[in-house]
Amino acid sequence: MLATVLLLAGVAMTAVATATMLATAKWPRRAPAAAIVLWQALGLGWGLAAVGALAALAARPEHGGVAGGVLAFAAGAVTRSAVPARQPLVLTALRLASLTMAVALLALLCWVLAAACTTALRTRRRHRALLALLARGDPKVPGALVLDHPAAAAYCVPGLRSRIVISAGTLDLLDQAELAAVLAHERAHVRERHDLVLLPFTALCRAFPRSGVALQAYQAVALLVEMLADDRARRARPARELASALMRFGVAGAQAPPSGALAAAHAGGQGEVVTRVARLLEPQAGLSRPLWIAIWCSAVLLVVVPAALFVIPL
Amino acid sequence: MDVLWETVSPLTVREVSERLTERDLAHTTVMTVLDRLAKKGFAVRERDGRAWQYQAAASREAYVTELMLSALDQAAGDRQAALTRFARSVTDSEARALRSALEAFEDRSGS
């Protein structure tokens, strides 16, 4: 069981180390979709490995896999046969402690995910209800709602009953072609349910509010999702329309100071909007096939290895 | 809802129906709609004798501001994850970079 513990702990630490490197890597902007998959694998693999490593400490060695060992330990604890005369009480206590921590971590992860879902659903429901009362349609932006406010804003309320919202300020700011590009971008978000991609990373930030890695992961994925939607919009509209819309937006929105966490995120490195504009105006080649395969293989391994250790004994 | 926003004083269901002259709505329809608005918290009601009197819970502008605040990424905490925005707010230095990029871009497309 020691090998399993060490391997799982190794996977968990590798995931965190990779996440730190991935947050500053340059290649993700060339292949946002592959990078998003890698981020998801890192998150899931880390969760499985961390819970698994703690559970493996508690598992009884003579049974197969982490799951079997934990079940044997739990069953033994219930029938009191887990404390045979030759087993020191301290060892049993340690096992019980690590099992408790494993269960607590698993419960925390499930809880924050559920809480993030509920918050998002509730906020969206209220937002939609208010939009129904306040917004109007406009022939300049077919399929979108217009909110009468002078500031520039364009966003979507994702979900089964999704809404794309454009502020009156945006209608004044952008020309027809730029508006069409913005709509194409927002439709891509809605169609591909990018909100679901982002949700687990929101939950992770909630679970570990002081963790820099969790925040980095969230911000990286948020940016990648935007790039993905930019790429989709570029299929339908010329890239320069979207780029100029982004630049006008950035210039117009600068009066609003970014709040809290966002301000900190902007302090280092190039700004997100600048990065996206540069990407649209000077498109880079996609990833080479070997690199692409390597990324997908690591993503699969990150999830499969910890999952397999739950059932396969070492 | 627009009727409630236009009047300062609380209105009964009958008064709301009377103000909705352009649309011939049944009294019960208006009552149901007002009841729903009250349940969702957008209208507040108080009993005046036998009839309920309705009033908007907040001004139209207040609600627009609420929507715009979340749209501009300034809502509290993890509520910001509920929406997907076209562009996040930028810093001053980023805005300067974007402004010069935009000018260069317009020069190029103009020529």
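In this predicted model, helices α4 and α7 of chain A are oblique to each other. Helix α4(A) spans residues 89–134, and helix α7(A) spans residues 194–207. The two pack at an angle of about 120°. Angles of 65 to 115 degrees would count as roughly perpendicular, and those over 145 as roughly antiparallel, so the pair takes the oblique label. Their axes lie 8 Å apart. The crossing of α4(A) and α7(A) is right-handed.

Residues from both helices make up this contact. From α4(A) come A:Leu108, A:Leu109, A:Val112, A:Leu113, A:Ala115, A:Ala116, A:Cys117 and A:Ala120. They meet A:Leu199, A:Pro200, A:Thr202, A:Ala203, A:Arg206 and A:Ala207 of α7(A). By class, the contact of α4(A) with α7(A) has 12 nonpolar residues, 1 polar and 1 charged.

Chain B contains an open sheet of 3 strands. The strand order is β1-β3-β2, and the pairing is antiparallel. Strands β1(B), residues 11–12, and β2(B), residues 43–48, stand at the edges. Each has a single partner strand, so one side of each is left without a neighbour in the sheet. Helix α3(B), residues 27–40, packs on this sheet. Helix α3(B) touches β2(B) and β3(B). The direction of α3(B) makes about 115° with that of β2(B).

Strand β3(B) covers residues 51–56. Pairing between β1(B) and β3(B) is antiparallel and runs over 2 bridges. Within chain B, B:Leu11 stands opposite B:Tyr54, a residue of β3(B).

Terms used:
Residues numbered from 1 in each chain as written. Chains lettered and ligands numbered in written order. Predicted model: local features only at pLDDT ≥ 70, side-chain atom pairs only at ≥ 80, totals over all residues. Pairing = 2+ DSSP bridges. Helix = DSSP H or I, 4+ residues; strand = E, 2+ residues; numbered from the N terminus. Contact = placed C-beta atoms within 7 Å. Axes fitted to C-alpha atoms, helices over the stretch in contact; angles between N-to-C directions. Parallel < 35°, antiparallel > 145°, perpendicular 65-115°, else oblique. Left-handed = near helix turned anticlockwise from the far one by under 90°. Nonpolar A, V, L, I, M, F, W, Y, C, P; charged D, E, K, R; others polar.
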